[in-house]
Structure formats: C-alpha cells, structure tokens
Amino acid sequence: MPINPPTDFTPPPNLKRVRKGLVIINTGNGKGKTTAGFGMMIRAWGRGMNSMAVQFIKSEKSKYGEQLAAEKIGIEMIPSGRGFSWTSKDLSEDEALAQNGWRIAKEKISSGEYDVIMLDEITYPVTWGWINVDEVLDVIKNKPKMLNLIITGRDADPRLVDVADLVTEMQEIKHPYADQGITAQKGVEF
Ligand code: ATP
Ligand code: MG
C-alpha cells in the first residue's frame with residue numbers, strides 16, 4: 001500500500017536539490033495552528049537549532065503551557081498582546097503592543113541568529129491594519145535564506161499565502177466548545 005500523499009508534481013529528471021528556509025502558514029478555523037508551529041520549534045530544538053516566537057495575541061500576564069515549556073527548555077517566546085479578549089476598551093494600546101511585537105520580530109528575523117521564528121497569531125493585527133501587509137511581504141522577501149518563518153492565525157491574507165512555501169488550513173470538524181460548551185482546559189488549550 002502506498003503511504004505517500006498524492007501529488008501532481010512530477011520532478012524533472014535534472015531537478016536540483018534545493019535547500020532553503022520555508023515560509024510556513026498555519027491558518028483556518030480549526031484547532032492546531034499554534035501547537036503545530038510550536039511542535040516544529042520543538043523538532044528544531046531537538047536538532048540543536050535556534051528558534052524563537054513572538055505571540056501577537058497572548059499577553060505577558062497569562063502563562064500558556066507552550067510558554068512554560070519554552071521557558072524550561074530555553075526557547076524565547078515573547079508575548080506582545082492582550083490576551084484573547086476581543087472587547088478591549090483601549091484599542092490603541094492593543095495596536096501599540098502589536099506594533100512593538102512586529103518591531104521585535106523584524107529585529108529577530110534580520111539578526112540572522114535563528115533557524116525558526118514563529119509569528120504566532122500575526123494574521124489578526126495584519127487583518128486589522130495594525131501591521132502593514134506590504135511590510136510583512138518585504139520582510140519575508142529579505143529574510144535570511146535558511147530561516148524558516150512560521151505564521152499562524154485565521155484568515156491569512158491571500159498575499160501572504162501567495163508567497164508561502166507551505167500552507168495548511170486547519171479545518172474545524174468538531175470543537176468541544178462549539179459542540180458541547182466545554183471551555184478551555186489546561187494542557188489542551190492553554
Ligand atoms: P492551538 O493553540 O490549540 O494550536 P489554534 O492556534 O489553532 O489552537 P486559535 O485560533 O489560536 O487556535 O484559538 C485559540 C483558542 O481558541 C484555542 O485554544 C482553540 O481551542 C480555541 N478555539 C478554536 N476553535 C474554537 C471554537 N470553534 N470555539 C471555541 N474555541 C475555539
Ligand atoms: Mg493559535
């Protein structure tokens with residue numbers, strides 16, 4: 001039984017072996033975007049590679065399981081948001097936080113010190129116009145060649161999808177909250 005995924009791509013006989021860092025997008029409404037990105041960071045960590053993440057929604061105040069894990073093993077995760085509260089009173093403060101996260105992300109990307117950088121939930125501040133998509137495209141274009149850049153969040157801008165090498169859409173089939181009202185649980189959601 002073949003277990004390879006089906007593909008229409010037939011490599012030409014003279015195909016050169018290419019090595020480059022990938023632009024990876026985990027998008028869609030289903031669960032698993034952030035954890036898949038973090039899973040890849042852990043895989044890279046296992047290889048002795050250097051990775052970090054900027055989290056654009058998660059706040060400094062709340063500790064998520066992935067942040068605690070990252071701390072324990074020495075992966076830097078910088079929270080630069082105000083949590084998953086969509087009813088924030090002072091939106092200009094949220095915008096400033098997102099822009100500060102973006103400033104840090106740009107520094108980290110151009111430093112050339114990393115093999116993997118995750119911009120977790122960056123799609124939201126991009127959608128809200130707080131981070132300019134043209135600027136993100138420019139940073140992607142000029143990123144260090146071997147850097148793998150992971151972007152997560154719902155509704156990824158089609159222009160980002162266009163330039164990405166690997167795009168996965170998480171599709172919600174069932175969610176314990178949507179179907180049964182089960183709220184977020186430790187170790188599963190946070
Ligand atoms: P994870 O962090 O578990 O990988 P994710 O990054 O794909 O999930 P987000 O879109 O960032 O998910 O959503 C944050 C939280 O919202 C997750 O903990 C997820 O379980 C929860 N969530 C996702 N879909 C729904 C839904 N339909 N109803 C309620 N909560 C949801
Ligand atoms: Mg997420």
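By class, the shell around ligand 1 is made up of six charged, six polar and four nonpolar residues. Here Ala, Val, Leu, Ile, Met, Phe, Trp, Tyr, Cys and Pro count as nonpolar, Asp, Glu, Lys and Arg as charged, and the others, Gly among them, as polar. The model is predicted: local features need pLDDT of at least 70, side-chain atom pairs count only at pLDDT 80 or more, and totals for chains, interfaces and linings use all residues. Residues are numbered from 1 along each chain as its sequence is written, chains are lettered from A and ligands numbered from 1 in the order in which they are written, and side-chain values use heavy atoms, with hydrogens and water left out.

In total, 16 residues surround ligand 1, and the closest are Lys31, Gly32, Lys33, Thr34 and Thr35. A residue belongs to this set if one of its heavy atoms lies within 4 Å of the ligand. Helix 1 (33-46) and helix 7 (176-180) each supply at least two residues of the shell. The most comes from helix 1, with three residues. Helices (H or I, at least four residues) and strands (E, at least two) are DSSP runs, numbered from the N terminus.

On its own, ligand 1 has 600 Å² of accessible area, of which the protein covers 83%. Accessible areas come from the Shrake-Rupley method with a 1.4 Å probe; for residues, only the protein chains shown count as cover.

Glu121 also takes part in the metal site. Ligand 2, a magnesium ion, is coordinated by Thr34 through OG1 and by Glu121 through OE, at 2.1 to 2.2 Å. The two residues are 87 residues apart and link distant parts of the chain: Thr34 is in helix 1, and Glu121 is in the loop between strand 4 (116-120) and helix 4 (123-127). Donors are N, O and S atoms within 2.8 Å of the metal (3.2 Å for Na, K and Ca); water is not among the atoms, so the site may look incomplete.

Are these two residues buried or exposed? Thr34 counts as buried because its relative accessibility is 12%, and Glu121 counts as buried at 5%. Buried means under 20% relative accessible area, exposed over 50%, and partly exposed in between (1.4 Å probe, protein chains only).

Glu121 has a positive phi of about 65° although it is not a glycine. Asp155 also has a positive phi, near 50°, and is a residue other than glycine. Asp155 lies in the loop between strand 5 (148-152) and helix 6 (158-163), and counts as exposed because its relative accessibility is 57%.

Two strand residues remain. Ser51 is in strand 2 (residues 51-59) and is buried, with a relative accessible area of 5%. Not counting residues up to four places away in sequence, Ser51 touches Met41, Ile75, Glu76, Tyr114 and Val116; contact means heavy atoms within 4.5 Å. Met77 is found in strand 3 (residues 76-81) and counts as buried at 13% relative accessibility. Leaving aside neighbours within four places in sequence, the contacts of Met77 include Phe38, Ala53, Gln55 and Met118. Met77 and Gln55 are 22 residues apart in sequence and 7.1 Å apart in space, C-alpha to C-alpha.
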